[in-house]
Amino acid sequence: MADHCHTTLQTFLADEVNKKIALSVLDRVTFIVVPANYEPRFFTFTVENCFAEDTLFRNTHPVYVDRLELHRLRNYSIQSVPTDKRQLHIFHGTPQKTPQNPVPSPIDQRLFVRAYFLPADFNRQQWD
């Protein structure tokens with residue numbers, strides 16, 4: 001399903017009519033897809049990728065993108081690891097190739113865990 005949504009949304013943004021979006025002040029466009037009986041899915045297209053999907057942000061609520069500081073992971077090739085907790089985000093990262101490090105070592109792989117919780121997420125009774 002995610003691949004179908006990705007392709008459909010990418011085609012929509014690539015339309016001649018919608019190229020005006022790229023000329024605007026927008027830096028990110030996020031589509032929310034809500035399949036029947038499933039959690040919402042988020043697909044984010046960024047100006048940095050010429051409005052191609054930035055898979056680093058896939059299924060991350062737009063409000064959380066900045067708060068999770070995901071831009072700090074740009075030095076790594078990142079793959080999202082699915083979790084059943086919406087507030088917990090796990091990413092598998094391998095260093096990107098650079099002129100100083102043309103062949104990154106497999107030992108340099110990392111798991112990044114980011115969590116975002118609001119006070120309402122906690123049961124206040126257990127703290128009283």
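1. In this predicted model, 6 bridges join β4 to strand β5 (residues 88-95), and the two run antiparallel. Strands here are DSSP runs of E, at least two residues long, numbered from the N terminus; two of them pair if DSSP finds at least two bridges between them. In β5, Gly 93 is the bridge partner of Ile 78.

2. These strands belong to an open sheet of 3 strands, ordered β4-β5-β6 with antiparallel pairing. β4 (76-81) and β6 (110-115) are the edge strands; each has a single partner, so one side of each lacks a neighbour in the sheet. From one strand to the next the twist averages 30°, with axes fitted to C-alpha atoms and angles running from 0 to 180 degrees between N-to-C directions.

3. The largest pocket has a volume of about 600 Å³. A pocket is an open set of points on a 1 Å grid over the protein atoms alone, where a 1.4 Å probe fits, with protein on both sides within 12 Å along at least five of seven lines; lining residues have an atom within 4 Å of a point. The volume is the space filled by probe spheres set on the points, which are joined across faces, edges and corners.

4. Of the 25 residues lining the largest pocket, Arg 58, Asn 59, Ser 80, Thr 83 and His 89 are the closest to its centre. β2 (41-46), β4 and β5 each give two or more residues to this lining.

5. The second largest pocket has a volume of about 160 Å³. Its lining includes Asp 27, Arg 28, Phe 57 and His 71.

6. Residues are numbered from 1 along each chain as its sequence is written, and side-chain values use heavy atoms, without hydrogens and water. Local features need pLDDT of at least 70 and side-chain atom pairs count only at pLDDT 80 or more, while totals for chains, interfaces and linings use all residues.

How values were computed:
Helix = DSSP H or I, 4+ residues; strand = E, 2+ residues; numbered from the N terminus.
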